[in-house]
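Visitor: I have a model open and would like to go through it with you. Could you show it here before we begin?

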Amino acid sequence: MDRRRFLVGTAAIVVVPLGSASATPEAMAEAIRKVVGDSAVTESRVTLDLPPLIENGNTVPLVVSVESPMTVADHVKAIHVFNEKNPQPNVFSARLSARNGRAAIGTRIKLGDSQKIVAIAETSDGRFWSASADVIVTLAACLEEST
Amino acid sequence: MANVLVNAPKTAKRGSVVEIKALIMHPMETGFRPGTMGKIIPRNIIERFTATWNGTEIFDMEMSPAIAANPFVSFFAVASESGTVGLRWTGDEGFVVEERVVIAVE
């Protein structure tokens with residue numbers, strides 16, 4: 001075996017993903033499918049605001065807002081947020097109506113690992129819109145009881 | 001029992017959009033963490049947060065263990081008429097807390 005072939009071979013071995021006990025991107029896709037069904041999701045109109053670098057995964061401020069006139073004829077019906085690597089893929093699901101005037105929700109969430117967060121909005125015409133954000137978490141949400 | 005902090009304007013112009021912020025003290029125990037004895041601490045979270053304006057539901061949010069401890073939620077509402085905003089949190093172990101704020105619309 002020549003040197004070049006040896007190097008290519010080792011590179012192929014090294015790239016093996018490590019499994020973990022948390023939710024996976026597939027679990028998130030499954031959770032999204034439950035909400036969206038077979039409808040297409042357009043990556044537009046939704047803004048997902050959270051810090052790109054998170055020092056403490058226990059409380060991460062997050063704001064989801066959707067561009068919408070919020071009238072009876074055209075408003076945002078629901079906002080869902082999903083994550084990839086917490087134990088469960090769902091974060092929250094909120095129902096809105098024209099009575100909200102503005103489609104924006106702020107809250108604080110826990111993140112167990114660096115991952116991708118996805119927000120999906122459903123408008124009154126039955127269409128789905130999304131936004132996603134990749135975040136880096138330095139200190140994960142605690143997994144053990146503090147003493 | 002539970003400590004609640006609500007931030008909403010006392011007065012608002014008719015038809016304007018007001019922001020309502022609510023914070024409640026709650027551990028939001030995920031049910032995935034082992035305690036000091038190695039046993040999993042049972043899940044204890046707030047599952048649902050709803051808001052009503054004079055009795056009509058205006059906001060409904062389903063929470064998961066991924067919501068941080070002492071859940072904070074902010075949302076918007078159209079100030080249609082003077083009235084009471086009712087906030088209600090329900091969750092595991094029979095957790096129910098209600099809070100109301102009065103907004104005068106002129």
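Visitor: What pattern does chain B follow along the sequence?
Guide: Chain B reads β-β-β-β-β-β-β-β, with zero helices and eight strands in its secondary structure. Helices (H or I, at least four residues) and strands (E, at least two) are DSSP runs, numbered from the N terminus. This is a predicted model, in which local features need pLDDT of at least 70 and side-chain atom pairs count only at pLDDT 80 or more, while totals for chains, interfaces and linings use all residues. Residues are numbered from 1 along each chain as its sequence is written, and chains are lettered from A and ligands numbered from 1 in the order in which they are written.

Visitor: What does the C-alpha trace of chain B span along its principal axes?
Guide: The span is about 60 × 20 × 20 Å. Of the 106 residues of chain B, 30% count as buried. A residue is buried if 20 or more other C-beta atoms lie within 10 Å of its own, exposed if 12 or fewer, and partly exposed in between, with C-beta atoms placed from the backbone.

Visitor: Changing topic: how do the elements of chain A run?
Guide: From the N terminus, the order is α-α-β-β-β-β-β-β-β-β-β, that is, two helices and nine strands. Of the 147 residues of chain A, 34% count as buried.

Visitor: Why is strand β4 of chain A largely enclosed?
Guide: Five of the seven residues of β4(A) (residues 60–66) are buried, so the rest of the structure largely encloses this strand. Four bridges join β4(A) to β2(A) (residues 46–49), and the two run antiparallel. Seven bridges join β4(A) to β7(A) (residues 103–109), again antiparallel. Two strands pair if DSSP finds at least two bridges between them.

Visitor: Which residues stand opposite V64(A)?
Guide: L48(A) stands opposite V64(A), and in β7(A) the bridge partner of V64(A) is I105(A). V64(A) is also among the residues with the most contacts inside the largest nonpolar core, which has 56 residues. Such a core is a set of buried Ala, Val, Leu, Ile, Met, Phe, Trp, Tyr and Cys residues joined through C-beta atoms within 7 Å.

Visitor: And how many residues does each chain bring to the contact?
Guide: Chain A gives 29 residues and chain B gives 28 residues, where two residues are in contact if their C-beta atoms, placed from the backbone, lie within 7 Å. On the side of chain A that touches chain B, β6 (90–95) and β7 each supply at least two residues.

Visitor: Which strand of chain B is joined to β6(A)?
Guide: Four bridges join β6(A) to β5(B) (residues 56–63), and the strands run antiparallel. R95(A) stands opposite D60(B) there. A77(B), which touches residues including R99(A), N100(A) and G101(A), is another of the residues with the most contacts inside the largest nonpolar core.

Key: Lists of a residue's contacts leave out its neighbours within four places in sequence.
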